[in-house]
Amino acid sequence: MSIYKRKDSPHYWCKISIPNRKTVQESTGTSDRTLAKEYHDHLKAQLWRQAMLGEQPDYLWDEAVLRYLEETTHKRDHEGDKGRLRWLHQHLAGKSLNSITRESIDQIMRNKSHRAAGTINRYLATVRAILRKAEREWCWITKAPTLNMRREPDKRVRWITPTEAVALMKALPTHLADMMDFALATGLRSKNVRQLRWDQIDMTRKVAWFYSDEMKGKRDLVVPLNATAINVIRRRLGKHKTHVFSYHGKALKGINSDTWAKALKKAGIENFRFHDLRHTWASWHVQSGTSLQELMELGGWRTYKMVLRYAHLAGDHLRGASQNIATIWLRFENDEATVKGVQ
């Protein structure tokens with residue numbers, strides 16, 4: 001019988017056989033026999049068209065999402081993808097991949113119009129990745145639509161002066177002041193400072209090391225510890241068994257935003273995040289004569305382009321190059337004067 005009941009399911013199931021194709025057995029998703037028969041007939045017609053006429057199966061967004069998540073568990077932002085897909089589910093669940101267009105996605109993203117361009121682009125990038133896989137790898141659709149990515153402003157470089165840094169550290173509680181001091185000495189990101197363990201530090205060699213799975217750039221990094229960083233570590237000895245930075249005997253899970261905001265206000269500093277300490281570290285380095293190549297290695301950046309944002313702070317490293325044209329011009333002027341003297 002093509003429609004039947006199973007002891008382990010409250011729904012009707014259907015069994016469909018098409019010539020030259022594998023027999024299909026699946027739940028109709030309903031306990032109503034009339035609806036189950038309708039489901040069966042629709043599915044049978046669809047399978048027949050695919051087998052006899054070569055029509056493309058009409059895959060759903062839901063199917064694509066499940067396959068995408070199964071194939072991308074290795075992604076660094078896998079959890080971020082899952083969060084974005086949960087939000088998109090309310091708009092795309094049950095929709096055919098062939099019905100998803102640039103216009104329909106634009107309409108959906110209008111619900112996010114109050115968010116920053118970068119945030120919207122992350123949602124669009126997730127949708128684009130799924131649709132491209134559906135086209136290029138799974139052959140589920142003929143052509144993935146081109147999505148309207150938003151224009152993002154250039155990333156800012158917000159840094160503070162040493163005087164401002166001292167004022168901010170004085171306004172912070174001890175554990176946060178020590179973290180800030182260490183971040184300014186090493187250029188490490190907030191997460192790496194907060195989660196730093198004692199077994200990552202070699203006081204003899206004066207280095208701290210981080211494995212690739214701990215770093216944003218997914219590369220191992222050895223960080224030299226200068227005198228400031230060493231002094232911070234010594235101040236933290238005995239505070240916690242496993243972690244360098246702690247509060248009331250507990251490892252830190254985050255940085256209290258209210259405490260940070262109050263300290264900023266007390267220090268008279270505006271629009272400054274903990275992550276901006278990394279920008280400050282890099283800016284101070286460049287202003288002190290550190291080359292961009294050295295800065296790239298110290299900061300663990302993957303490409304030279306990523307440190308060029310700090311280039312405008314360093315005029316000294318270009319001063320020698322700027323003299324090249326002056327030397328040629330001076331030589332020409334001297335030659336001209338010599339010729340005139342001979343005449």
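User: In which strand is S246 found?

Analyst: A note before we start: residues are numbered from 1 along each chain as its sequence is written, and side-chain values use heavy atoms, with hydrogens and water left out. The model is predicted: local features need pLDDT of at least 70, side-chain atom pairs count only at pLDDT 80 or more, and totals for chains, interfaces and linings use all residues. Strands (E, at least two residues) and helices (H or I, at least four) are DSSP runs, numbered from the N terminus. With that numbering, S246 sits in strand 7.

User: Does S246 count as buried or exposed?

Analyst: Buried means under 20% relative accessible area, exposed over 50%, and partly exposed in between (1.4 Å probe, protein chains only). The relative accessibility of S246 is 4%. Because 4% is under 20%, S246 counts as buried.

User: Which residues does S246 touch, leaving out those up to four places away in sequence?

Analyst: A contact here means heavy atoms within 4.5 Å. With residues up to four places away in sequence not counted, the partners of S246 are H175, R236, K239, H240, A251 and L252.

User: What is the phi angle of H248, in degrees?

Analyst: H248 lies in the loop between strand 7 (246-247) and strand 8 (250-251). It counts as exposed because its relative accessibility is 68%. Most residues other than glycine have a negative phi. H248 is not a glycine, and yet its phi is positive, at about 55 degrees.

User: Where is K206 found?

Analyst: K206 is partly exposed, with a relative accessible area of 44%. Like H248, K206 is not a glycine but has a positive phi, here of about 60 degrees. Its place is the loop between strand 4 and strand 5.

User: How many residues lie between strand 4 and strand 5 in their hairpin?

Analyst: Two strands pair if DSSP finds at least two bridges between them. Strand 4 and strand 5 (residues 207-210) pair over 2 bridges in the antiparallel sense, and D202 stands opposite V207 in strand 5. K206 belongs to the turn of this hairpin, where the number of residues between the strands is 4.

User: Which are the edge strands of the open sheet?

Analyst: This sheet has 3 strands in the order 4-5-6, with antiparallel pairing. The edge strands each pair on one side only, and they are strand 4 (201-202) and strand 6 (221-224).

User: Which residue in strand 6 stands opposite W209?

Analyst: Strand 5 and strand 6 run antiparallel and are joined by 4 bridges. In strand 6, the residue opposite W209 is V222.

User: How far apart are the C-alpha atoms of T242 and R197?

Analyst: T242 is found in the loop between helix 9 and strand 7, and it is partly exposed because its relative accessible area is 38%. Not counting residues up to four places away in sequence, T242 touches L196, R197 and W198. T242 and R197 are 45 residues apart along the chain, and their C-alpha atoms are separated by 5.6 Å.

User: How far is D276 from A51 in space, C-alpha to C-alpha?

Analyst: D276 is found in helix 11 (residues 276-287). It counts as buried because its relative accessibility is 0%, and its contacts beyond four places in sequence are R156, R158 and N271. D276 and A51 are 225 residues apart in sequence, and their C-alpha distance is 60 Å.

User: What is the relative accessible area of L53?

Analyst: L53 has its place in helix 1 (residues 33-53). L53 is exposed because its relative accessible area is 55%.
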